[in-house]
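The following exercises are to be worked with the sequence and the structure in view. Each task is followed by a solution in steps.

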Amino acid sequence: LDNLNAAGLQQLLGTMFTPDTKAVRQATTLLKRYFKSVAALENLLILLSTSPETNIRQISCVYTRKIITNLWMKLSAEDQGKTKVLLLTRYIEEPVTIVKKNIADVIGQLGQLLIPNKEWNELFQ
């Protein structure tokens, strides 16, 4: 799992949409372990912004929202800045309403962590 890239993660997330309960259960177990790493957050952000598949962008948002506050402090300051810009840009550019709402949920989750400390002033410009 340590060397899982965005394409591998997309494949694993795609398993979540199959009718095979055993495969879904196995994928869920792997994802739970994987989502403890910063690489998971980075790959989810790649998928939520670049995957051509709506369901992959959407599920990437859901998982990003769940793990972003736990992994935020493990990101470098530069990566934190890039992540904030990416989320705002994707929110503006996302054409699918449900995915746009899920991106807003991620922004809201991260905002709960950052806004009290005035660490995301770009939200209010």
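**Exercise 1.** In this predicted model, determine where α4 bends and by how much.

*Solution.* The bend of α4 lies at Arg 65 and amounts to about 35°. Next, compare the span of the helix with expectation.

**Exercise 2.** Identify the buried residues of α4 and state what covers them.

*Solution.* First, list the buried positions: Ile 56, Arg 57, Ile 59, Ser 60, Cys 61, Tyr 63, Thr 64, Ile 67, Ile 68 and Leu 71. Second, recall the helix geometry: with 3.6 residues a turn, residues three or four places apart point the same way. Third, look for the cover, which includes α1 (6–15), α2, α3, α5 (77–93) and α6 (97–114).

**Exercise 3.** Find the aromatic pairs and state which residues they link into a cluster.

*Solution.* Ring centres must lie within 6.5 Å to pair. By this rule there are 2 aromatic pairs. One joins Tyr 34 and Phe 35, with 6.2 Å centre to centre and 40° between the planes, and is tilted. Both of these residues are buried. Another tilted pair joins Phe 35 and Tyr 63, at 4.8 Å centre to centre and 45° between the planes. This pair links distant parts of the chain, 28 residues apart: Phe 35 is in the loop between α2 (21–34) and α3 (38–50), and Tyr 63 is in helix α4 (residues 54–71). Phe 35 and Tyr 63 are both buried.

Conventions:
Residues are numbered from 1 along each chain as its sequence is written. This is a predicted model: local features need pLDDT of at least 70, side-chain atom pairs count only at pLDDT 80 or more; totals for chains, interfaces and linings use all residues. Side-chain values use heavy atoms; hydrogens and water are left out. Rings of Phe, Tyr and Trp (its six-membered ring) pair if their centres lie within 6.5 Å; planes under 30 degrees apart count as stacked, over 60 as edge-to-face and the rest as tilted. Buried means under 20% relative accessible area, exposed over 50%, partly exposed in between (1.4 Å probe, protein chains only). Helices (H or I, at least four residues) and strands (E, at least two) are DSSP runs, numbered from the N terminus. The bend at a residue is the angle between axes fitted to the seven residues ending there and the seven starting there. Contact means heavy atoms within 4.5 Å.
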